[in-house]
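Let's take a walk through this structure together, starting with its aromatic rings and ending in its nonpolar cores. Keep the 3D view open as you read.

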Amino acid sequence: MGKFYNSVKLNEELCAGCINCIKRCPTQAIRVRNGKAEIKKEFCIDCGECIRICTHHAKLPIYDPLSIMDNYEYTVALPAPSLYAQFNNLEDINIALTGLKLMGFNDVYEVSGAAEIVSEMTREYLEKNRDKYPIISSACPSVVRLIRVRFPNLIDHLLPIMAPVDLAAKLAREKAVAQTGLAPDKIGIIFISPCPAKVTAKREPLGIESSEIDGVLAIKDVYPALLRYMKEAQNDTQDLGISGKIGISWGYSGGESGGLITDDYLAADGIENVIRVLNDLEDQKFDNLKFIELNACSGGCVGGVLTVENPYVAKVKLQRLRKYMPVACNRPAKIGNFNISDAYWTDEVQYEPVFKIGNDMKDSIAKMTRVNELCEMFPKLDCGACGAPTCKALAEDIIRGVAKESDCIHILRKLYKEAVSDEG
Amino acid sequence: MGEGIVLKYNVPGDDFTRAGEASGAVKSQLKQMQLSPDVVRRVAIAMYEGEINMVIHAEGGTIEVCITPEYIDMVLKDKGPGIPDVEKAMQAGYSTAPDNVRNLGFGAGMGLPNMKKYTDEMKVETTLGVGTTVTMRIYI
């Protein structure tokens with residue numbers, strides 16, 4: 001699979017070869033070649049923007065089918081808090097959780113429960129690591145991937161604690177093994193996710209060696225299926241919820257920060273805003289900030305491409321749901337064979353200079369000079385007709401040897417005119 | 001200057017929203033070259049501080065950046081009022097920025113001190129009423 005797995009694939013038949021996705025991609029990872037969009041794996045950070053923008057529905061998020069449940073003797077559903085925000089008039093989270101069991105899961109384990117443990121661990125980490133301020137949230141896999149390819153100076157600021165879903169998966173498996181006596185691999189830990197980036201995080205995790213998640217389902221698939229069971233769940237609701245306000249709030253932008261009980265934080269959402277914040281952070285434009293929460297999707301996880309509800313409406317729903325909940329219900333503790341210190345990252349995130357041009361400084365200078373010259377020659381229209389998002393991106397592709405000058409239709413027209421006048 | 005990339009920028013003095021554009025462009029170019037992330041960071045910060053200074057105090061100016069295999073030079077030229085007391089201006093926390101600028105979060109008196117801190121060589125040439133030229137070098 002390699003270091004650069006992506007959770008989006010192309011339906012070639014549906015791809016019209018238009019320029020919508022190449023223009024929208026925040027890392028310029030897409031090119032249209034031979035009339036079809038191609039994603040450069042190592043540039044892609046799984047933000048989902050191309051899936052959102054594609055009017056032909058040719059960009060498909062990768063996730064597992066509901067039938068993955070059949071592969072295991074015992075299954076545990078890990079609902080993301082954003083799942084609850086899909087339903088109208090849901091008054092009790094336990095109805096959704098009971099519905100999941102009626103749907104076929106043997107048990108449920110709320111990701112928001114693990115999130116509360118991460119919140120408390122983060123508070124402690126903030127106290128002990130003042131020299132690393134501001135600490136940057138590492139829960140959004142797209143943000144971590146963006147930092148690893150574009151912001152090497154900020155890697156040390158990443159919060160080295162598992163994302164709530166990874167911690168939830170570990171704890172859920174511990175619990176299931178203890179309850180059933182089954183071998184760990186007979187148990188399926190299945191995340192109900194707002195975004196496909198978590199699929200990549202499962203297959204190629206960063207910071208931890210391997211993920212305990214066995215399958216990733218889309219909220220948009222689970223939602224209609226679950227809806228059918230919720231009526232029945234209403235009549236005989238089981239008490240399955242384990243989280244409080246802090247955990248539920250992780251579903252929207254600002255929620256993770258809210259759990260840190262400090263005002264010295266910044267929360268940005270939407271990938272372009274995230275990039276702006278990271279750029280400014282790198283230039284040391286912020287003072288006195290302890291924590292930076294970043295979510296690739298607008299609105300936070302409720303804005304994930306695998307959700308159904310409008311993210312801002314979803315946020316209001318989560319705020320209503322949490323209203324009468326206790327502040328938090330989960331504390332770091334030893335659970336089964338799992339020590340809370342195991343929730344820290346074990347692996348360092350390495351800088352991956354995928355956008356580099358040139359093998360050494362001399363080579364870089366020569367090649368960048370050529371890029372700048374080519375840019376001068378191009379019409380600076382950034383029309384995208386060549387398949388690259390900007391004239392500069394085409395120039396870089398030429399230097400990398402994957403495109404040619406005549407891919408620019410304006411250059412081609414000039415060449416054509418010259419050829420015709422030579423003949424005449 | 002021999003083999004190297006020369007990048008030139010005009011810094012408009014009347015548009016705060018564009019302050020940082022030049023240093024941002026240089027940073028993104030440097031990031032694509034075989035340079036250590038630390039060098040990129042130092043250039044970005046030093047140049048950003050200088051660029052902001054030009055906007056706050058001197059109604060803009062020009063910046064020339066030269067990237068060579070051994071060092072990166074930045075020359076920031078303005079036709080502003082000049083600096084009456086360079087030594088004082090180099091002290092951390094000393095600022096002559098007007099209130100409206102401070103309200104934007106700038107003018108903390110860390111501009112020149114930070115530029116000095118993040119560069120290997122720095123020279124300030126200034127004449128009252130004529131302008132200021134700041135030359136900075138960072139070795140690779």
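Predicted model: local features only at pLDDT ≥ 70, side-chain atom pairs only at ≥ 80, totals over all residues.

Over all chains, the count comes to 3 aromatic pairs. In one of them, the ring centres of A:Phe43 and A:Phe355 lie 4.5 Å apart with their planes at 45°, so this pair is tilted. It links distant parts of the chain, 312 residues apart: A:Phe43 sits in the loop between strand 3 (36-39) and helix 2 (49-53) of chain A, while A:Phe355 sits in the loop between helix 13 (311-322) and helix 14 (361-377). A:Phe43 counts as buried because its relative accessibility is 3%, and A:Phe355, at 13%, counts as buried too.

Now turn to A:Phe87 and A:Tyr223, whose ring centres are 5.3 Å apart and whose planes meet at 40°, so this pair is tilted. A:Phe87 is in the loop between helix 3 (81-84) and helix 4 (93-103) of chain A and A:Tyr223 is in helix 9 (residues 219-235), so the pair ties together parts 136 residues apart in sequence. Both A:Phe87 and A:Tyr223 are buried.

Over in chain B, look for B:Arg137, which lies over the face of B:Tyr71 at 3.6 Å from the ring centre.

Finally, the cores. The largest nonpolar core has 89 residues, and A:Leu78 is among those that touch the most other members. Helix 5 (residues 111-128) of chain A gives this core its largest share, 8 residues. Contacts of A:Leu78 include A:Tyr109, A:Val165 and A:Phe191. A second, separate core of 55 residues includes A:Leu374, B:Ile72, B:Val101 and B:Leu112.

Terms used: Residues numbered from 1 in each chain as written. Chains lettered and ligands numbered in written order. Heavy atoms only, no water. Phe/Tyr/Trp six-rings, centres within 6.5 Å; stacked < 30°, edge-to-face > 60°. Helix = DSSP H or I, 4+ residues; strand = E, 2+ residues; numbered from the N terminus. Buried < 20%, exposed > 50% of the residue type's maximum accessible area, 1.4 Å probe, protein only. Lys NZ or Arg CZ within 6 Å of the ring centre and 35° of its normal. Core = buried A, V, L, I, M, F, W, Y, C linked by side-chain atoms within 4.5 Å. Contact = heavy atoms within 4.5 Å. Lists of a residue's contacts leave out its neighbours within four places in sequence.
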